[in-house]
Amino acid sequence: MNGSIEPLTGLRLLSRRRLDDGEGFVFATGDGYPVLAADKVFFDPLEKRRKRKIGVSVSSGCGVGCRYCFTRQYRTGRALTAAEILAQAEWLTLRNDPPE
C-alpha cells in the first residue's frame, strides 16, 4: 500500500516502527489527532503455528498513563469514529507487507 487510507476515513499514515514481534504505526486523523495501530505475529502453542494479530485504537491518546503503554505519550484527544476504527483494521489486513 502507498501509506494512505481511503480519503473517506480521513486517516493518514505518519510513521511506522519495527517492534520485537511485529510493527507499529502512527496515523493522523483529518483533524490532526494521533492514532496508533499494531500488526503482530505470535506463535500459538495449542495449534503449533504462527498467527497474526492486529491492534487498533478506539480513541486518540489516553489519559490513564500506564507505564507499559506507548499511547501514554499522546494527550487525550477524542473518540474515533467507526469509520476511523475500521479503516485501521482494513489497512492492517490489506497491506502488502505484513510482519513475518
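## A charge over a ring

A charge sits over a ring if NZ of Lys or CZ of Arg is within 6 Å of the ring centre and within 35 degrees of the ring normal. Keep that in mind while you look at this predicted model. Here, lysine 53 lies over the face of phenylalanine 42, with 5.4 Å to the ring centre.

## The sheet

Let's move on to the strands. Strands of a sheet pair through backbone hydrogen bonds, either parallel or antiparallel. This model has an open sheet of 4 strands, and its pairing is antiparallel, in the order 1-2-3-4. At the edges you'll find strand 1 (12–19) and strand 4 (49–55), each of which pairs on one side only. On average, neighbouring strands of the sheet are turned by 15° against each other, direction ignored.

Now zoom in on the middle. Strand 2 (residues 22–28) pairs with strand 3 (residues 34–44) over 7 bridges, in the antiparallel sense.

## The aromatic cluster

Next come the rings. The model has 3 aromatic pairs. One of them joins phenylalanine 25 and tryptophan 91: the ring centres are 4.9 Å apart and the planes stand at 70°, so this pair is edge-to-face, a label that needs planes over 60 degrees apart. The two residues come from distant parts of the chain, 66 residues apart, with phenylalanine 25 in strand 2 and tryptophan 91 in helix 1 (residues 82–94).

Tryptophan 91 also forms an edge-to-face pair with phenylalanine 27, at 5.3 Å centre to centre and 80° between the planes. Again the pair links strand 2 to helix 1, this time across 64 residues. Put together, ring pairs link Phe25, Phe27 and Trp91 into a cluster.

## A buried serine

Finally, have a look at serine 57, in the loop between strand 4 and helix 1. Serine 57 has a relative accessible area of 12%, which means that it also counts as buried.

What does serine 57 contact, leaving aside its neighbours within four places in sequence? The list is Val35, Leu36, Leu80, Ile85 and Gln88.

Technical notes: Residues numbered from 1 in each chain as written. Predicted model: local features only at pLDDT ≥ 70, side-chain atom pairs only at ≥ 80, totals over all residues. Heavy atoms only, no water. Pairing = 2+ DSSP bridges. Axes fitted to C-alpha atoms, helices over the stretch in contact; angles between N-to-C directions. Phe/Tyr/Trp six-rings, centres within 6.5 Å; stacked < 30°, edge-to-face > 60°. Buried < 20%, exposed > 50% of the residue type's maximum accessible area, 1.4 Å probe, protein only. Contact = heavy atoms within 4.5 Å.
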